[in-house]
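Reader: Please take one part of this model and look at it closely, with every cut-off that you rely on stated as you go. I would like a single connected account.

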Amino acid sequence: MILLYSNDWLVKGLMEGKESCIKFIYREYFPMVRSIVSNHNGNLADAEDIFHDALIIIFNRLKNKQFTLKSSLKTYLFSVCRNLWRRRLERKYRLLYATDSYVNELEGCYTQETMEEEYAEKFRLYKKHFVELPEFCRALLTYYIRKTPLQDIARIMNYKDTEYVKARKYYCKNLLRKKILNDPECNQFMNYE
Amino acid sequence: MNDFLTNSHLIGKFTDKELTKNEETRLLSQASHNPLLRNELRLDRDITELIADYDRIQLSETILRTIKNERTKVVIPVYLKVAASVIILMALTALTGLFINYAKQNSGYSVTTYNPLPNPQSKGLLGFLQGYRKSDLPSTPLKRKELVQNNMYNDPYTPRPEYEFLVGTVTRDISVFVISPLPRVKCKCDSLLQFSWRWLSGPVPVSIEITDNHGRIVLNNMQMMDISYVLNTKHWARGLYYYKITAGDELLTMGSISIY
């Protein structure tokens, strides 16, 4: 059974990362995102990426105390998804038909929104490759993300000292970097050389 | 490329600001003419930024998990849901109509009465409720005899196991106490068999139903307010019969009558 939630509850739930709230947003609003994407040469996987990225962007904006949500979450999600997909399409066509002018154009119109979009995409890419890492790397980086002290990590993972923990952490990050850099999707949107 | 391989282990330290001044200067000078190393440095910085917010990572995991779970679910279109609801509603309405119609046809007898004797003549509403149709009952003793004789087994004394199982069944109802007959009665043809009972807490209508060993109802005396009933077996065919005494909706007792 789907309950109807208020806008404030949804915003609060999104900020707290409540699963029931995300599920509700997905069930109620994802068809809308899917229609935006599928009506403009996209498929289901694209729609899911857009949905994920849009929620991350909204989350980041909501965390900013200067930002206030003036419309309903649905309306806002709709506009973010539409803009996101439009920019992604533009970039795709630029890459396809005007590769040479891409870098200059991008540098010329590097806006806050573009940065946010790029950030969300990087984040998705990072998540995608993070789950492919070896088990010990995922565990180590998870502890690191949770800001667990190095001594505790060494004790939990049976490493001899904190220097070894650092060495393993650098190794795991190297592995992750290599995976991301080898991903063809990385070259599409990352502003790297 | 060689610079990258040489300095790969220094990239993480550079981001964490754990390099010495000399190492940092050397790395930056190498990065200035090595695009791959520059990319690595930028990406490492980005990754460090990306994983700095644990809440965001948790949210991302939740979103991805939700998408994965919901994708596998079969979503029933709204029009199908509406169609299914309409069909269920129509079926329920039809069933209610049948039930009401059935109850009207059998006024004077509660349709919810439980009848432990399966009755092949009238199985009731879709087999859930045992039916009692007055029109199916033999109206005169002669017709009753004919009915039994025409439909008897080769051996009219063959007991039906499902009936035998219920012979002697006594309810725990305390409103009526059955005095006679005994659970298994043997009597001659053309004799009188007395059914008698006493009310323990005030008058209650009592019904007697007799069926042959096929399960066909041969006698159904309903809602009697007397305390006894005399059955004359003068016109009854020889054979095995089963009786059932009920008070209102409650079964009081069951037994068998063997007429020889």
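Author: With 11 C-beta neighbours inside 10 Å, A:Ser35 counts as exposed (exposed means that 12 or fewer other C-beta atoms, placed from the backbone, lie within 10 Å of the residue's own, buried that 20 or more do, and partly exposed anything in between). The model is a predicted one, in which local features need pLDDT of at least 70 and side-chain atom pairs count only at pLDDT 80 or more, while totals for chains, interfaces and linings use all residues. Residues are numbered from 1 along each chain as its sequence is written, and chains are lettered from A and ligands numbered from 1 in the order in which they are written.

A:Ser35 belongs to helix 2 of chain A, residues 19-38 (helices, H or I of at least four residues, and strands, E of at least two, are DSSP runs numbered from the N terminus). Between the C-alpha atoms of A:Ser35 and A:Ala47, which are 12 residues apart along the chain, the distance is 8.4 Å.

Helix 2 of chain A also packs against helix 4 of chain B, at an angle of about 55° and with the axes 10 Å apart (axes are lines fitted to C-alpha atoms, for helices over the stretch in contact, and angles between N-to-C directions run from 0 to 180 degrees). These two helices, helix 2 of chain A and helix 4 of chain B, are therefore oblique to each other, the class left over when angles under 35 degrees count as roughly parallel, over 145 as roughly antiparallel and 65 to 115 as roughly perpendicular. Their crossing is right-handed, that is, the near helix is turned clockwise from the far one by less than a right angle. On the side of chain A, the contact is made by A:Glu19, A:Ile22, A:Lys23, A:Tyr26 and A:Arg27, and on the side of chain B by B:Thr62, B:Ile63, B:Thr66, B:Ile67 and B:Glu70, contact meaning C-beta atoms, placed from the backbone, within 7 Å.

Helix 3 of chain A contributes A:Glu48, A:His52, A:Leu55, A:Ile56 and A:Phe59, whereas helix 4 of chain B contributes B:Arg56, B:Leu59, B:Ser60, B:Ile63, B:Leu64 and B:Ile67. By class, this contact has seven nonpolar, two polar and two charged residues.

For the chains taken whole, 28 residues of chain B are in contact with 27 residues of chain A. Helix 1 (2-15), helix 3 (35-50) and helix 4 (54-72) of chain B each supply at least two residues of the side that touches chain A, and helix 4 of chain B gives the most, with 13 residues. That side of chain B has 11 nonpolar, eight polar and nine charged residues.

As for the rest of chain B, the chain contains seven helices and eight strands, and buried residues make up 22% of its 260 residues.

How values were computed: Two residues are in contact if their C-beta atoms, placed from the backbone, lie within 7 Å. Ala, Val, Leu, Ile, Met, Phe, Trp, Tyr, Cys and Pro count as nonpolar, Asp, Glu, Lys and Arg as charged, and the others, Gly among them, as polar.
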